[in-house]
Amino acid sequence: MKKSKFASRIYVAYLAKKISTWHVRSFKILANLSYPLPLGQKMEISVALVTVSVAIAVVSWWVWRTLKWVWFKPKMLESYLRRQGLSGTPYTPLVGDLKRNFSMLAEARSKPIKLTDDIATRITPFPLQMLKTHGRTFFTWFGTTPTITIMDPEQIKEAFNKIYDFQKPHTFPLGKVIATGLANYDGEKWAKHRRIINPAFHLEKIKKMVPAFHQSCSEVVGEWDKLVSEKGSSCEVDVWPGLVTITADVISRTAFGSSYKEGQRIFELQAELAQLIIQSFLKSFIPGYLYLPTKSNRRMKAAAREIQVILRGIVNKRLRAREAGEAPSDDLLGILLESNLGQAKGTEMSTEDVMEECKLFYFAGQETTSVLLVWTMVLLSQHQEWQARAREEVKQVFEDKEPDTDGLNQLKVMTMILYEVLRLYPPVAQLNRAIHKEMKLGDLTLPGGVQINLPILLVQHDTKLWGNDAAEFKPERFKDGISKATKSQVCFFPFGWGPRICIGQNFAILEAKMAMALILQRFSFELSPSYVHAPYTVVTLHPQFDYPTLSLSLEEKMEISLASVTVAIAIAVVSWWTWRTLKWVWFKPKMIESYLRRQGLSGTPYTPLVGDLKRNSSMLAEARSKPIKLTDDIQQRVVPFPLHMLKTYGRTFFTWFGHIPTVTIMDPEQIKEVLNKVYDFQKSPAFPLGRLIAAGLVSDNGEKWAKHRRIINPAFHLEKIKIMVPAFHQSCSEVVGEWDKLVSEKGSSCEVDVWPGLVSLTADVISRTAFGSSYKEGQRIFELQAELAQLIIQVFRKVVIPGYMYLPTKNNRRIKAAAREVQVILRGIVDKRLRAREAGEAPCNDLLGILLESNRMQAKGNGMSIKEVMEECKLFYFAGQETTSALLVWTMVLLSQHQDWQARAREEVKQVFGDKEPDADGLNHLKVMTTILYEVLRLYPSITHVTRTVHKETKLGDLTLPAGVHISLPILLVQRDTELWGDDAAEFKPERFSEGLSKATKSQVSFFPFTWGPRVCIGQNFALLEAKMAMSLILQRFSFELSPSYVHAPYPIVTIQPQFGAQIILHKL
């Protein structure tokens, strides 16, 4: 009984998970033109039925998403981490370790510490306790997200170096109000911005800004001098506000030069924004509070808008000056704009991007240097001997003169002091990185969905890395440089490390040296008895009680009960659900529709949930209910809805794939752009059950696609394919021989449905060429995949029942059993090959052998897994067999109609081969055959259209397409378009290809049956050579014509197939 209950619980969770993927996928099935119903059955789907189905799916999806978010995923991740040998806190639903963390932090902040105490007990009390409890690598819970803290320098180094694997997390949205820019970007956008911004922070550029450093520092130091003089020779001063002013003024002058007064206003607004956001932090556990129209929130928005207006004015003024021929300024903005103008078109930053980088200059530059200066003054006040040494060095280098760049670079003692201050009081206590997919980190394998915490403060105070005196102020440890001090380990990283190291670190250090040099020239200093040591984190590490503008809000205790957090999150979840549903069902589709219409695009109006599914389905059902004449245009039967839309709205239009807008384009230049930009226009995710048949290269995107393509390419080099021609001949001869025997039994002529024979032929070719000596096992895979395809088509007919495909029906159980058997056979074949390779046997020349050999040659970590190799083998089977069998059947149908071209093809075959066995060189000489196959592919392409997805706002020709739309490239419509191919576009005229593809298409992308560009079908040469072999053998043995019983009814399953078979009369020659 216990076992039964446990099994049922697992099944319910499994079913809920599967249903969660249904609500989007079901739209694709209902609208897909590539899947048939049983003969004569109509696809009559009412709006009410679909609406009810989708409503059930949405509720199921909500339930599953909540359970997954609150419990299943965190527990799964916890289990995964513990299996890795990691120790950590047990997961508490929703809140994780937030309550414990808040209470410890509130307790630590409630009282100051002694100057000799370890500041980690006040800054990071919870991580410090976890380090003592669980060891040097442990995990805790930031709400529902597990966070792994690592102290090992090698793992920290790896996390910093692999910037595309360990990315910046994006959690608190209000932080973006202050600044986004380089510090928050990832991937290509980060790389582009870093490249453009780099020149502004070259050391030679920074040297030119030193006079501005001096001017800003002198003003504040002069004010202190005046204050001290008024009091005699000594005076107590709260230096923190003055240091903040210095660093803000430096950034204003160096960022905007002559516009620095406006820059100062930006600083004032950003400082105000920071305070307002800190106040919002304390209330952020109230769902939606940040977006309520409170006085504080309204002021935030107003301040943010004012910053944008000021920045836009400054930037536009610079751009106008540049256009008027004025020389660029040497301030940061001038250098940045000049660098940006030097980029290739399309790779530069937008004005908004430039403004965000300016905001980041302000906030990060000012915060980092002000805290470095304040803790330097505190520590030198404690350690008078180091203050004296620093002053002596400044006097030796500058005497009483104005500090300059060369002199500042000679301050070795000052450099040691600043490094030690940064070690003990780093500007930020920790850095986080997010993992989006399973990733290796040292000996650990970390799952997608976790975060990595790099605890700067804990590492830089760690006695195992820095010795027993780690908590002491000892600048001498840096006398021989950072590398010697750290023993070449990554245990000192106050500015980050690796490719993403802070771009402004040299700027900050040089500015700090200027400020300290001027202070040391004028004053000696010590701590006042009124000083209270209370470092704490705002954004950076501030002195708590010498910052009166924040003292009130930061003295509040963060007392958040588990109950209040739970209720608050529950309200947030319901609000989020409601918003997501409304956004999904109405707001987002209508917003995109409006966006597309503003672009001048025409299309169908959006119908909630169903889009154009009902209309599409009814037109398709009507078209498929009856055959067509041989002279009719097949488009009206195969793609009736897109054809009607083309006639109604023109050559670029949008329709609705459920709630997803699909933009159909007929312009060859735009098609070329889409197929060329493989990273901007990606493949849409495959239907889950479709992946049981084949996934692999055809459905991969990004780096995974690029890697797999590189590894698989050698298997399809023309020289390798030539070696497989004997296997082509053997497979084709067997089927042609059976037809010969059948005709001989009937006399000299016989009606044959050639479709099953061609399917058998192409399946046998793939079996032999993919697996060589294991081809009998390969044939079993084909049988199973064919069965899977039929079973999945049956499931498609019931998809309006949410979750039906995952119920334990007889059909569904057989699908899983067949898929498992395919996996078992494939693994056996692959493992056998790997063992043979290890035993020293030479690799086979079949596709699997070449693929495994190519995979073995990859650098460690860059190859495919065994599972991925198996997926590619399944794809060989399905795609290779489907494409060529469809090409062959329509070639025979069309040559049966056009006896003149059949005779010309036969004559060519006889001239090249006579009655001999066709070989690779001869097949490549069949020019007439090539033109025939191209014309067949034009009129009957294997697939009717390909779809791409837009994930971010993207330019396409004159269009700007928003994220969330699909692009349809209608192969069949384009290849039969009279504007591109002439008035005879629907006619069979192979002669149009007599001078090659380029001449036939007028060098346009108007012929792409195997698609085009970097993702062009890798197996196209294989398919064409196989088709030539099959047709050569058929033409050597037979002449053929259509039988009177043949019914012309092309329709797409995966490829365009003859719905009622292909009955052809074969005449033996």
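Colleague: In which sense do strand S14 (residues 681-683) and S16 pair?
Modeller: In this predicted model, local features need pLDDT of at least 70, side-chain atom pairs count only at pLDDT 80 or more, and totals for chains, interfaces and linings use all residues. Residues are numbered from 1 along each chain as its sequence is written, and side-chain values use heavy atoms, without hydrogens or water. Helices (H or I, at least four residues) and strands (E, at least two) are DSSP runs numbered from the N terminus, and two strands pair if DSSP finds at least two bridges between them. S14 and S16 are joined by three bridges, and the sense of their pairing is antiparallel.

Colleague: Which residue of S16 is the bridge partner of Lys683?
Modeller: Lys683 belongs to S14, which spans residues 681-683. Its bridge partner in S16 is Arg948.

Colleague: Which residue in S19 stands opposite Thr949?
Modeller: S16 also pairs with strand S19 (residues 966-969), in the antiparallel sense and over four bridges. Opposite Thr949, the residue in S19 is His966.

Colleague: How many of the five residues of strand S16 are buried?
Modeller: Buried means under 20% relative accessible area, exposed over 50%, and partly exposed in between (1.4 Å probe, protein chains only). Strand S16 (residues 946-950) is largely enclosed by the rest of the structure, because the number of its five residues that are buried is four.

Colleague: Is Ser252 buried or exposed?
Modeller: Ser252 lies in helix H11 (residues 239-256). A polar atom of the Ser252 side chain is 2.9 Å from the backbone oxygen of Ala248. With a relative accessible area of 0%, Ser252 is buried.

Colleague: What is the relative accessible area of Cys502?
Modeller: An unreviewed UniProt entry lists Cys502 under "binding site"; such annotations may be inferred rather than shown by experiment. Cys502 is placed in the loop between helix H21 (482-486) and helix H22 (505-522). Cys502 is partly exposed, and its relative accessible area is 32%.

Colleague: Which element gives the most to the lining of the second largest pocket?
Modeller: A pocket is an open set of points on a 1 Å grid where a 1.4 Å probe fits, with protein on both sides within 12 Å along at least five of seven lines; lining residues have an atom within 4 Å of a point. Of the 34 lining residues, the closest to the centre of this pocket are Glu188, Lys189, Tyr679, Asp680 and Lys952. Helix H8 (187-197), helix H30 (702-712) and strand S17 (954-956) each supply at least two residues of the lining. With six residues, the element that gives the most is H8.

Conventions:
Polar contact = N/O pair within 3.5 Å; in protein donor to acceptor, adjacent residues only side chain to side chain.
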